[in-house]
Amino acid sequence: MNKNIFLNGLIDLAQSRLGSKIVYKTDEFFAPAKRIINPWPPVFKEGVFDKHGKWMDGWETRRKRTKGHDYLILKLGKPGRIHKVDIDTSYFNGNQPSKVSLDACFSKSLLPKKNTQWIKILNKKSTKPNSHHFFNIKNRSMFTHIKLNIYPDGGVARIRVYGNMELNKKFSGKIINLTSVLNGATPIVCNNEHFGRAENILAPGKGKNMGDGWETRRSRGKNFDWLILKCATAGKINKIQIDTHHFKGNYPNKCSLQAAYLHGKISPKTLIHKSKNWRPLLNKVKLKAHQKHNFLNKLMKNKKVNYIKINIYPDGGISRIRTFGKAE
């Protein structure tokens, strides 16, 4: 049995796909800081060296021989409220920082000014080699910039900043992609994301590779895998697109969609229970490898929805889901 993964509408605010970027770093001698916000999992390249030393998939500074510590400043693509972070030292073993901490601020500048007031959102925490470090963030203020401090130096593979984007877009009456993260769509809960994170299917543009999609493990059973997402806004869907780009030997055999319009704040556990009885948005259809599949909404035409459940049979990977319709 797989445990359900409660995503709770949180996305990685630090991912480069949202426009997030590193705007300052004290040092990046061994590995460039920009790698730390790569949306794909870090990799290790055995025996690969560059002119500075071992090639590492992350941000790595030189061994500090002076007082102080290294840090970088990350500008979020969209302002947001942070709920938790993952400071990932995968493949950094013996060269990871001793400790880490986080500061945050709100600034309209690309690089915050020297007199900007930074708020400590994570006190110094010890780090382990080759490990994910998850921390809950209690401060729910709106932030635009994050400062990652490493003590005194070393390497971090990835930083994930999970939270909610603050969007001021007005969609009413417009035809939009209701399942685009750039418009505010979010993943709520899924039963598995072993090989690829669920939030990837809401990302803009074409997937870069298989890692840039939602992919489940091989189920080996009679069950099926599923994902529940909340639309950017309530709307009436006209066209549905299921994109299996890059998934050639591991795309789902079939898929179906269900949808509903629900009021108020609903817990993920309640959504799981209710979703079993949601109306079909797309009946079970056969999928193909490495292809965009386009469907017209014939089952819930002119019906307003704000939640969608994707069912894949029996397992596999989907690069993107796009649902185009009029925002209500």
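At 33% relative accessibility, Tyr 24 is classed as partly exposed (buried is under 20% relative accessible area, exposed over 50%, partly exposed in between, with a 1.4 Å probe and protein chains only). Tyr 71, at 22%, is partly exposed as well. The model is predicted: local features need pLDDT of at least 70 and side-chain atom pairs count only at pLDDT 80 or more, whereas totals for chains, interfaces and linings use all residues. Residues are numbered from 1 along each chain as its sequence is written, and side-chain values use heavy atoms, with hydrogens and water left out.

**Aromatic pairs**

Rings of Phe, Tyr and Trp (its six-membered ring) pair if their centres lie within 6.5 Å; planes under 30 degrees apart count as stacked, over 60 as edge-to-face and the rest as tilted. The count is 5 aromatic pairs. Tyr 24 and Tyr 71 form a tilted pair, because their ring centres are 5.7 Å apart and their planes stand at 35 degrees. Tyr 24 belongs to strand β3 and Tyr 71 to strand β7, 47 residues apart (strands are DSSP runs of E, at least two residues, and helices runs of H or I, at least four, numbered from the N terminus). The rings of Trp 278 and Tyr 307 are also tilted, with centres 6.2 Å apart and planes at 45 degrees. Trp 278 is in the loop between α1 and β19, and Tyr 307 is in strand β21. Both of these residues are buried.

**Salt bridges**

A salt bridge is a side-chain nitrogen of Lys or Arg within 4 Å of a carboxyl oxygen of Asp or Glu. The whole structure has 11 salt bridges, including those tabulated here.

| Pair | N to O distance |
|---|---|
| Arg 62 and Asp 27 | 2.8 Å |
| Arg 320 and Asp 212 | 3.0 Å |
| Asp 225 and Arg 217 | 2.9 Å |

Arg 320 in strand β23 and Asp 212 in the loop between β15 and β16 are 108 residues apart in sequence. Arg 320 is buried at 0%, and Asp 212 at 1%. Arg 62 is partly exposed at 41%, while Asp 27 is buried at 12%.

**Nonpolar cores**

A nonpolar core is a set of buried Ala, Val, Leu, Ile, Met, Phe, Trp, Tyr and Cys residues joined through side-chain atoms within 4.5 Å. The largest has 63 residues, and Leu 102 is one of those that touch the most other members. A second, separate core of 11 residues includes Trp 278 and Leu 271.
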